[in-house]
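Subject: Structure handover

Hello,

Here is the structure for your files. My notes on it follow below.

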Amino acid sequence: QMSKQLEMFRTNLEEFASKHKQEIRKNPEFRVQFQDMCATIGVDPLASGKGFWSEMLGVGDFYYELGVQIIEVCLALKHRNGGLITLEELQQQVLKGRGKFAQDVSQDDLLRAIKKLKVLGSGFGLIPVGGTFLVQSVPAELNMDHTVVLQLAEKKGFVTVSEIRASLRWETERARQVLEHLLKEGMAWLDTQAPGEPQFWLPALFTELYSQEITPEEAKEAIP
Amino acid sequence: MDRFSWTTGLLELGETLVIQQRGVRLSDGEEKVKFDSGVLLLSTHRLIWRDQKNHECCIAVPLSQIVFIEEQAAGIGKSAKIVVHLHPASSNKESGPFQSSKYSYIKLSFKEHGQIEFYRRLSEEITQRRWESMPTGQAMQVSKDSQAGRIRAVGIVGIERKLEEKRKETDKNISEAFEDLSKLMEKAKEMVELSKSIANKIKEKQGDITEDETIRFKSYLLSMGIANPVTRETYGSGTQYHMQLAKQLAGILQTPLEERGGIMSLTEVYCLVNRARGLELLSPEDLVNACKMLESLKLPLRLRIFDSGVMVIELQSHNEEEMVAAALETVSEKGSLTADEFAKLVGMSVLLAKERLLLAEKMGHLCRDDSVEGLRFYPNLFLTQS
């Protein structure tokens with residue numbers, strides 16, 4: 001009964017794959033369409049490496065390998081950003097690691113791979129900020145209060161207690177608790193030398209315009 | 001390339017950064033120029049290129065100068081490119097690296113990828129023309145439209161025609177692919193409906209369905225990627241495939257576990273196993289489902305889930321509670337330790353070090369000192385010295 005239907009479907013999929021497998025590999029927009037259609041009918045092509053979709057279209061390997069690369073990038077940068085990284089920076093770093101001859105990777109591809117990683121229990125998650133996402137890769141508890149402060153900080157890369165009081169209308173104590181939690185988790189750095197009041201900076205939000213990666217030699221030269 | 005001007009690279013008031021990409025080379029039409037390796041930044045107003053080695057060398061062109069853009073796919077030994085066709089430079093343009101150029105277009109070579117996203121964002125910015133509604137501090141380059149219009153007619157019409165043809169060809173290929181995809185999805189939808197009706201039958205005839213048939217049904221669902229509606233409670237999400245996988249994992253992970261003190265996080269396992277496989281990788285769900293079966297198959301490894309949700313694989317012979325006693329000794333020797341310090345001392349990952357210290361705290365052996373300087377653990381003197 002079902003096995004016959006399954007065989008027929010398998011043949012159909014094989015035919016499709018022989019004509020369009022390259023399209024999936026090369027075209028991110030096509031991948032998005034494909035994923036959306038699967039979701040509409042209640043099918044998850046990435047659920048298992050043993051699924052037809054994975055075996056015949058090769059979608060699985062693309063995303064599972066991306067998952068490995070994402071884990072490695074997040075681990076390498078955790079000491080600096082506390083386990084938070086923007087989707088843009090993650091994309092840059094992953095592309096760098098993939099090398100010249102690998103396929104390009106879109107932000108949609110990264111989002112789908114990350115959603116699959118959640119099930120491994122090490123705290124992978126997505127936090128929407130300013131039109132993009134922060135990718136969390138540590139099991140730190142971040143509730144709505146923390147998320148809202150992260151979104152506020154996204155504009156300038158830092159935030160102060162006064163700004164939180166003004167924009168969100170919170171009491172000082174509530175603002176302090178949230179900022180302290182981010183400090184403890186290593187996701188925020190405190191600048192007590194800022195003019196006015198202390199500033200809480202988020203390394204995850206540093207961009208090329210605020211910061212540059214320099215070698216130890218360049219650093220030596222820069223200091224008088 | 002004569003449309004570019006020198007710039008400081010700092011954004012003006014009212015100008016926002018949209019996207020940036022490292023490893024981009026500029027070419028003047030078909031000719032290479034000395035702008036070989038730089039960061040390309042797209043703002044709401046300009047396209048800026050800054051040399052990666054010499055940050056002082058920074059040039060920009062206003063987006064208003066762009067006529068249109070096209071993509072050039074990567075080839076063997078060649079990076080993907082975006083070709084940017086430009087209006088002629090206006091006479092009041094600020095000084096730049098080139099006084100004149102025989103080409104009316106430039107090429108951006110993406111040596112480190114990133115071309116797809118950049119192209120998408122650049123197209124958006126050109127369409128939205130946000131620079132018109134967001135005046136900046138600097139005097140804007142005003143392209144004299146009437147003059148530009150006349151010059152435009154000559155070389156650009158031919159290019160536009162070629163682009164139109166290419167677009168039609170691509171459209172045809174894509175629509176065939178989408179048509180085939182839609183047909184395929186229709187068939188897949190039928191499979192989903194069929195599986196729902198079978199699942200319902202199973203639910204009703206709880207006792208009448210044999211274990212064999214249920215197992216076969218579950219493997220069908222796995223092949224199609226359909227979530228398991230009914231049988232999850234009774235037999236778990238695992239299938240024959242996952243059972244085999246669990247046995248394989250027990251073989252593969254024995255040595256790595258012994259090398260790492262008997263315990264590894266599931267993300268570590270995922271990376272290790274998939275890197276070793278190279279092809280036909282495991283999905284995260286495959287790994288979790290297989291690990292859930294380890295204990296019931298009486299294999300020498302087990303899955304353990306900490307309170308924080310962190311999942312690990314341990315050797316059966318590994319006793320985390322015993323390790324806690326050793327951890328207590330280490331902390332006592334040093335007076336106090338943070339998770340980072342402990343991880344470095346013992347040679348563990350910070351994630352697992354933290355879990356061990358938390359477990360020790362839960363068992364009453366350690367006390368925490370939670371401050372902005374970090375989470376530090378001390379031996380629990382309340383217990384030992386009362």
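A polar contact here is a pair of N or O atoms within 3.5 Å; within protein, one of the two must be able to donate a hydrogen and the other to accept it. By that rule, 18 residue pairs are in polar contact between chain B and chain A, both residues at pLDDT 80 or more. The pLDDT condition applies because this is a predicted model.

On the chain B side of this contact, helix 2 (residues 145–204) of chain B supplies the largest share, 17 residues. The residues of chain B that touch chain A comprise 36 nonpolar, 17 polar and 16 charged.

As for the extent of the interface, 69 residues of chain B and 67 residues of chain A take part in the contact. The two chains bury about 6,200 Å² between them, and 66% of that is on carbon and sulfur atoms.

Six salt bridges are found across the interface of chain B and chain A. One of them joins Glu176(B) to Lys19(A), with the closest N and O atoms 3.9 Å apart. The cut-off for a salt bridge is 4 Å, so this pair counts.

Next, the nonpolar cores. The largest has 85 residues, and Trp53(A) and Ile70(A) have the most contacts inside it. Helix 4 (residues 59–81) of chain A gives the most to this core, eleven residues. Another core, of 28 residues, lies apart from the largest one; among its residues are Val18(B), Ile69(B), Val84(B) and Phe118(B). In soluble globular proteins, nonpolar side chains tend to be buried together.

Regards

How values were computed
Residues numbered from 1 in each chain as written. Chains lettered and ligands numbered in written order. Predicted model: local features only at pLDDT ≥ 70, side-chain atom pairs only at ≥ 80, totals over all residues. Heavy atoms only, no water. Contact = heavy atoms within 4.5 Å. Buried area = accessible area lost by both parts, 1.4 Å probe. Salt bridge = Lys/Arg side-chain N within 4 Å of Asp/Glu carboxyl O. Polar contact = N/O pair within 3.5 Å; in protein donor to acceptor, adjacent residues only side chain to side chain. Helix = DSSP H or I, 4+ residues; strand = E, 2+ residues; numbered from the N terminus. Nonpolar A, V, L, I, M, F, W, Y, C, P; charged D, E, K, R; others polar. Core = buried A, V, L, I, M, F, W, Y, C linked by side-chain atoms within 4.5 Å. Buried < 20%, exposed > 50% of the residue type's maximum accessible area, 1.4 Å probe, protein only.
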